[in-house]
Amino acid sequence: MKPVLSVIGTGYLGTTFAACMSSLGFTVIGIDTDAEKVRRISAGDLPFYEPGLQEIVITEIATGRLIFTTDFSLGKDADVHFICVGTPQKEGEFAADLTYVYGAVAQIVPFLKSGSLVVGKSTVPVGTAQALRAQLAVSAPHVDIAWNPEFTREGFAVEDSLRPDRIVVGVTNDRAEEILREVYAPLLEIGTPWIRADLPTSELVKVAANSFLATKISFINAMAEVCEAAGADVTVLAKSIGYDARIGNKFLQAGIGFGGGCLPKDIRAFMARAEELGAKQAVEFLREIDAINLRARQRVIDVVREMLSEDLAQFKIAVLGAAFKPESDDVRDSPSLDIAAQLHAAGALVTVHDPKAIANAKRRFPALQFADSVTECVADADLVLHLTEWREYRELNPADLAALVNSPRIIDGRNVLDRDKWKSAGWKFHALGRTDS
Ligand code: UGA
């Protein structure tokens, strides 16, 4: 008999995990305190966009294996409880807010059956699992705890869940590992590497991975700054160093930098936790990684002023992209939306387009103008900013667009547009980390 699973927290991570585990044949109870969210997911109308997920949720609910509820007591039948709630940055601090993690565990405790396993998936500061373990030893001594970090990327979450590049489990005994091996048996069968770790290592693996990724992006953005100063081309540089297998060509896309609900807050929480542990200096470099990242946004504002005028009042600026990356409607710490908001605050007339993220962007920055189509967005613009590399923007015809704008000027904040094509259609083209020639 397959273990029955509960998944607590039905955001991007929890909903994807719940639906994918159901598709692998498990009975899964998804639990969240947000009634409206649960209602929408249960109706197959996901409150967020993740390619391919809605279809799986609908199919799996229909099988009867997958349910979503606000009722924690329905978790009583589960053998394994996955904690998938958010750990956002604390207001005004670098540290992570663990309210939801502790809240989720406290709410499920009364319904934990003997021998069940609580498994954390949320990204937490190292030491959290041990603290929860001590707490459970008092409130639920008949259950065990494990940590199992999640490496899925938004936009590829389904694929990453069903074909992960590794599974890391932090456990304190063989039995916990055996239970998790049962849960992940279908993924082990397809050859997914399995790593057993202790609790603190498993927590650290996640923040180390995200810190490394953030470092890679900021490294190439630092090179972009030098390239601009030296009259060199960062795209050629990235391609050239990427052929070295030790460096690799992924995550070397220079541009306006990283955003989203993970990388920015994870490196900050890591700095905060390292300081508590007395290891501040070891990750002090992340402060520079963060600074380089935010500087890339500022660089766009500077280039906008160079291309238009110091005083941006009344200039019409079209912003293509609001999501923090393509194939997502997530605008948390989105570099594109941040730039749009800063330009708006500087007096420019900013209109934003995005294929999926307009509703979220509107909620975040209601004062910005939003357009339903690229054509509407760029109409009469003095400058176009390409800030999230959706496929549809890459496929735009520069000549068609030139006829719509007031002045054909574009900044490619993601270094993916075909510069020659845009220039030969009459556009003044600037890309970060490349000279204009
Ligand atoms: C990130 C990690 O990649 C996942 O492995 C991890 O599971 C997840 O965080 C998490 O902690 O939950 P995600 O936030 O979905 O995933 O986004 P990424 O694909 O990592 O992209 C982050 C940002 O970096 C985006 O704003 C993207 O535009 C930017 N980026 C990425 C670059 O600027 N350049 C690049 O070369 C790559």
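How much area do domain 1 and domain 2 bury between them? About 2,600 Å², with 62% of it on carbon and sulfur atoms. Buried area is the accessible area (1.4 Å probe) that two parts lose on being put together, summed over both.

## Model and domains

This is a predicted model: local features need pLDDT of at least 70, side-chain atom pairs count only at pLDDT 80 or more, and totals for chains, interfaces and linings use all residues. Residues are numbered from 1 along each chain as its sequence is written, and side-chain values use heavy atoms, leaving out hydrogens and water.

Domain 1 covers 5-197 and domain 2 covers 198-437. These bounds come from an automatic or database domain assignment. The domain centres, taken over C-alpha atoms, lie 31 Å apart. Domain 1 gives 36 residues to the contact and domain 2 gives 29. Contact here means heavy atoms within 4.5 Å.

## The interface

Tyr49, Phe94 and Val126 supply 29% of the area that domain 1 buries against domain 2, more than any other three residues.

One salt bridge (side-chain nitrogen of Lys or Arg within 4 Å of a carboxyl oxygen of Asp or Glu) is found across the interface of domain 1 and domain 2. The side chains of Arg332 and Glu154 meet in a salt bridge, at 3.2 Å from N to O.

## Helix H9

Helix H9 spans residues 199-230, 32 residues in total. Helices are DSSP runs of H or I, at least four residues, numbered from the N terminus. H9 reaches 47 Å from its first C-alpha to its last, close to the 46 Å expected at 1.5 Å a residue. The expected span is 1.5 Å times one less than the number of residues. Just after H9, Gly231 has a positive phi of about 75°.

How values were computed
Helices (H or I, at least four residues) and strands (E, at least two) are DSSP runs, numbered from the N terminus.
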